[in-house]
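Welcome! Take a look at the sequence and structure below, then work through the exercises one step at a time.

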Amino acid sequence: MTTTLTLTPLTGRHAARIDTALEELLDPANHQSLRDALVDRKVLVVPGANPTVEQHIALATVFGAPEPPQPQNPRHPDNEFVCVFDSDEGYKADRWHADETFSDTPSSGAVLTIRVLPQVGGDTLWLDAEAAHDALSNGMRTLLSTRRARHEIAPGVAAEHPVVRHHPVSGRPCLFVNETFVRGIVNLPPVESEAILAMLLKHLARPDFAYRHRWEEGDVVVWDNRSTQHIAMADFVGRRVVHRVGFVAETFAA
Ligand SMILES: O=C(O)CCC(=O)C(=O)O
Ligand SMILES: [Fe+2]
């Protein structure tokens, strides 16, 4: 069965809601449309889908090869691909980041679902890093176009990436520095690196680059980790548990 996906934009730049049943999304006839929608909208919300663990992994597999969580992240007891972020275990992600940029091969994207909804708060925001790039002046874009940044999570666990990367499918440029992992722009005097980085992080955090998701029971959100960054609000009351399956698809050219 082929379905035309029912997509509703959630901002004028990025993010869209899909009002198509999860079972239909998992039908191979819809997989290419889903992949195209992810590159185009960068963030896809499937409201109230409440996937089983198997469906969660099947949805990630539509977009790429599921990858096990990084060693520092907690895994689901029954499935090695599912990463469990439980506020009762002290987990939070309350600074802007793209996942795993401290690695030479960061994940291409992820599928997140909420398993325990807090009483209030705990929204997640995704910013459009291509829109952020496009909103810079020509002079700044030229300056950044040949620069690289150092991303690090712990001493010795680090990678260098271009400050501006081109999406492997769309070819569109995006700003690829984030608050959590970037330590500096390489081959610049420290005072210049610090000033430019501070400016870029302030620019990326502009509210109009972000889509803010207020979670409801069973919601699923898929994001393209190559063109967005995200942050979870640590303002909630009660317990909050999310499950994530990351995937690897087309990666950036070197
Ligand atoms: O808790 C959230 O909403 C986001 C978690 C996160 O950063 C991730 O799953 O990569
Ligand atoms: Fe994350």
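Predicted model: local features only at pLDDT ≥ 70, side-chain atom pairs only at ≥ 80, totals over all residues.

**Exercise 1.** Find how many helices and strands the protein chain has, and explain why the chain counts as compact.

*Solution.* Step 1: count the DSSP runs, where a helix is H or I with at least four residues and a strand is E with at least two, numbered from the N terminus. The protein chain has six helices and 17 strands.

Residues are numbered from 1 along each chain as its sequence is written, while chains are lettered from A and ligands numbered from 1 in the order in which they are written.

**Exercise 2.** Work out which residues of α6 are buried and where they sit around the axis.

*Solution.* Step 1: call a residue buried if 20 or more other C-beta atoms, placed from the backbone, lie within 10 Å of its own, exposed if 12 or fewer, and partly exposed in between. In α6, I196, L200 and L204 are buried. Step 2: they cover an arc (of directions from the helix axis to the C-beta atoms) of only 70°, which puts them on the same side of α6. Step 3: turn to the face away from that buried side, which carries the exposed residues P190, V191, A198, M199 and K202.

Conventions: Rg over C-alpha atoms; globule rule 2.2 N^0.38 Å.
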